[in-house]
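I am opening a notebook page on a structure that is new to me. The entries below record what I looked up.

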Amino acid sequence: RNNINPANVVFGFAFYGRSFTIKDKDCTEPNRKCQFSTGGAPSTYTDTAGILSYTEISSRNNSLDVHTHYDAETTVKYNVYQGS
């Protein structure tokens, strides 16, 4: 969509992700209108608020109430889990 030659593009794979806790559980889109109250809850391996390792993200995708969304405008895929 930006007239970039696909042969000149190299994709990487993220081994971690950022997590946030949303203020309003009814506002879950990354649209600059929904606000965050804090970093996401610390998890088992990283034990750090707001950072999840690939393993932690994968385990959430398979075990929690996760809803995956795709924003076509920004081409970003994001998850909402445990409602917040």
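In which strand is the place of Ser53? I found Ser53 in strand E4, residues 51-53. Strands here are DSSP runs of E, at least two residues, and helices are runs of H or I, at least four, numbered from the N terminus.

I noted that this is a predicted model, where local features need pLDDT of at least 70, side-chain atom pairs count only at pLDDT 80 or more, and totals for chains, interfaces and linings use all residues. Residues are numbered from 1 along each chain as its sequence is written, and side-chain values use heavy atoms, without hydrogens and water.

Next, burial. Ser53 counts as buried because its relative accessibility is 17%, and buried means under 20% relative accessible area (1.4 Å probe, protein chains only). I then listed its contacts (heavy atoms within 4.5 Å). Leaving out residues up to four places away in sequence, Ser53 touches Phe15, Tyr16, Tyr45 and Thr46.

Then I turned to the hairpin. Strand E5 (residues 66-71) pairs with strand E6 (residues 76-81) in the antiparallel sense, over 6 bridges. Pairing requires at least two DSSP bridges between the strands. Asp71 has Val76 in E6 as its bridge partner. Between the two strands lie 4 residues, and Thr75 in this hairpin takes a positive phi near 55 degrees.

Terms used:
Buried < 20%, exposed > 50% of the residue type's maximum accessible area, 1.4 Å probe, protein only.
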